[in-house]
Every structure is written in structure tokens, then in C-alpha cells.
Amino acid sequence: MEEFEEKLSPVFKWGGGKRQLLTEILPKIPPHTRYYEPFIGGAAVLLGLKPEYAVINDFNEELVNTYKVIRDNPEELIQLLEQHRENNSVDYFYEIRAWDRNPETYALLSNIQKAARTLYLNRTCFNGLYRVNSHGFFNTPCGKYKNPEIVNAERIRAIHEYLSSNRIDIRCGDYKEALKYIRPGAFVYFDPPYMPPENGDDTFTQYTVDGFDEERQKELKAVCDRLTAKGVKFMLSNSCCGFIKELYKDYHIEIVQARRNISADSGKRILIDEVLVTNYEV
Ligand SMILES: C[S@@+](CC[C@H](N)C(=O)[O-])C[C@H]1O[C@@H](n2cnc3c(N)ncnc32)[C@H](O)[C@@H]1O
């Protein structure tokens, strides 16, 4: 198991990834019964914490399907990714990207083929950005990489080992649904799409066709209030803007710094303040 633990880190490049904040986040997670991560994205926190009992969720079907395939069919997935790696070129990228334009033929693909496509596109598209147009078609352009890492077999095997040897319930849907039967003593880490920081940089809110606007942020805060009343501890990440600080003013707020892209195309990275909100004293 130790051999796998070393490799246990995200396979996806995912907007707002929490890998670099793990040293801030992990020590602040209190003892708990079951771990919940309802906006799983790249899964950096889950894979850093390695809980034995967890519920993970995202409403991105392609992402969730890929985690299930890593759990159930890692070797077949690695094989298909190796084929994508051998064929990789700009034309090939656009050919694979276009598969979802025909819903009838797309539905005929196996879950393993869909997962290999999702991971291949994620590793080769511009900034690993997951973006779909109004028809739900993946439309991020090809990235400019000399030698993109399309398959990391050891990492896929490590995640497979973790997901298949622990009690990890993988769900796809709205975050509220995933929390429906939560019990006192559980712990939730929320990493929702961020509120755009005040400088107008909205690169972290474009995950899917559905935006996560102010109303949805308020709805999430109401969910946090209900969890608190129920005896469930939570931690929540978000951008450090006036709206979020005001919304969570009755909770503990810590400011941490994360290295983020300034804008989608500049490739420049700067330190940006983010908040960690908790309903317990750290
Ligand atoms: C900030 S990302 C999570 C980043 C992740 N924690 C990491 O470390 O890479 C937010 C995620 O929430 C998902 N999402 C957005 N709205 C959602 C909703 N209503 N219910 C569940 N998931 C949602 C997006 O698909 C995206 O994967």
C-alpha cells in the first residue's frame, strides 16, 4: 500500500486545484466519522487525506465517470490512454474532441472509452480547462504543449487501489443531494466554484454551462447553517472577496494564499488570497 500512497495525487488538471494548499487544509480537518467532498473536481484533498469512509460527488458526469472507471477498469483505461498518446497531434485532438457532437454515436461508446477521452482532452487542452458550450459540447481548444503527460499509469493504479480498497461512495449530481442523509459526526469539505474576486477575474467560475452565482453562494451558506445545527463540522474554500467574507461573517475565517493564474491566457501566476471558512475553532 505504501508504494501506492506515494503516487496518490490528482490525475486531472482541474481549475482551483487544492494540491498546493494541502499543508494548510489537511491539519485543520478535525476527527470525523465519514468524509464528504461534494464538489470533488481534481480530488486533491480526498487523495491527500485518504479517508476510509467517504462520499464524493460532482455534477460533471464525465469527471465522475472517469473516477468510476479508475476504480473498476484501470488497466483498460491505461491501454486506451496509451493509444491516445501514440496518436496525439493537433488534428487528432480535434477529432477526439468532436466525438460528443453526435449524441447517438457518443452514447454507443463504453464508459472506459469516455473516461479515456475525458482524461486525454484534459491533459492536452488549453490549461486543462473544462468548458462546454450551450449544447454541452466540450469546446476548450488544443493546448500548446511539447510533451504533455497523457498517461500516468502509476498514478491511475494508485488511485484505483485507494478507491477500491476503501468505502468510497462516488456520486454524480447536485451537492445538496449528496448531503441528504449526512449524520452528526461527519465532516464536509466544500470547494465550490468560487465567487469571482473583486478584480473581475472570473477564470474559476467557468466549469460548466451552469454558473454558480450569488444566489447559489447564498444557498450554499444556508446548507452550511443546516449542517452546523445538525452537529456536522465543515470547512469551505472560496475567494477572499467582500461578498464571501460578509456571507460567512458568523463563522471562523482564515485567509490563505494560493498560487493562481492571473488570467486564462497569460500563463502568469501570482499569489492570491483565498478564505478557509470553518464552523469550529482550528
Ligand atoms: C473548485 S472545483 C473543485 C476543485 C477541487 N477541490 C480540486 O482540488 O481540484 C468545483 C467543482 O464543483 C463542481 N460543481 C459545480 N456546481 C456543482 C453543483 N451544483 N453540484 C455539484 N458539483 C458542482 C464543478 O464541476 C467542479 O468540479
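Helix α6 passes helix α8 in a left-handed crossing, where left-handed means that the near helix is turned anticlockwise from the far one by less than a right angle, and right-handed that it is turned clockwise. Helices here are DSSP runs of H or I with at least four residues, strands are runs of E with at least two, and both are numbered from the N terminus. This is a predicted model, in which local features need pLDDT of at least 70 and side-chain atom pairs count only at pLDDT 80 or more, while totals for chains, interfaces and linings use all residues. Residues are numbered from 1 along each chain as its sequence is written.

**α6 against α8**

- Helix α6 covers residues 90–97 and helix α8 residues 111–124; they pack at an angle of about 135°, with their axes 10 Å apart. Axes are lines fitted to C-alpha atoms, for helices over the stretch in contact, and angles run from 0 to 180 degrees between N-to-C directions.
- The two helices are therefore oblique to each other. Angles under 35 degrees count as roughly parallel, over 145 as roughly antiparallel, 65 to 115 as roughly perpendicular and the rest as oblique.
- From α6, Phe-93, Ile-96 and Arg-97 meet Arg-117, Tyr-120, Leu-121 and Thr-124 of α8. Two residues are in contact if their C-beta atoms, placed from the backbone, lie within 7 Å.
- Sorted by class, this contact of α6 with α8 has 4 nonpolar, 1 polar and 2 charged residues. Ala, Val, Leu, Ile, Met, Phe, Trp, Tyr, Cys and Pro count as nonpolar, Asp, Glu, Lys and Arg as charged, and the others, Gly among them, as polar.

**α5 against α8**

- Helix α5 (residues 74–87) packs on α8 at an angle of about 50°, and the axes are 9 Å apart.
- This pair, α5 and α8, is therefore oblique too, and α5 passes α8 in a right-handed crossing.
- On the α5 side the contact is made by Glu-76, Leu-77, Leu-80, Leu-81 and His-84, and on the α8 side by Ile-112, Gln-113, Ala-115, Ala-116, Leu-119 and Tyr-120.
- The contact of α5 with α8 has 8 nonpolar, 2 polar and 1 charged residues.

**α4 against α8**

- Helix α4 (residues 61–72) and α8 have axes that come within 9 Å and cross at roughly 115°.
- α4 and α8 are therefore roughly perpendicular to each other, and their crossing is left-handed.
- Glu-62, Asn-65, Thr-66, Lys-68 and Val-69 of α4 meet Asn-111, Ile-112, Lys-114, Ala-115, Thr-118 and Leu-119 of α8.
- By class, the contact of α4 with α8 divides into 4 nonpolar, 4 polar and 3 charged residues.

**Around the ligand**

- The ligand has 22 residues around it, of which Lys-18, Phe-39, Gly-41, Gly-42 and Asp-191 come nearest. A residue is near a molecule if its C-beta atom, placed from the backbone, lies within 6 Å of it.
- Helix α3 (44–49) and strand β2 (53–58) each supply at least two residues of this shell.
- The shell around the ligand holds 11 nonpolar, 7 polar and 4 charged residues.

**Positive phi values**

- Most residues other than glycine have a negative phi.
- Ala-43 has a positive phi of about 70° although it is not a glycine. You will find Ala-43 in the loop between β1 (35–37) and α3.
- Ala-43 is buried, with 26 other C-beta atoms within 10 Å. The cut-offs are 20 or more other C-beta atoms within 10 Å for buried, 12 or fewer for exposed, and in between for partly exposed, with C-beta atoms placed from the backbone.
- Asn-127, also not a glycine, has a positive phi near 55°. Asn-127 lies in the loop between α8 and α9 (153–165) and is partly exposed, with 16 other C-beta atoms within 10 Å.

**Pairs along the chain and in space**

- His-160 lies in helix α9 and counts as buried, with 21 C-beta neighbours inside 10 Å.
- Leaving aside neighbours within four places in sequence, His-160 is in contact with Ile-70, Arg-71 and Pro-74.
- Glu-82, in helix α5, is partly exposed, with 14 other C-beta atoms within 10 Å. Glu-82 and Asn-127 are 45 residues apart in sequence and 21 Å apart in space, C-alpha to C-alpha.
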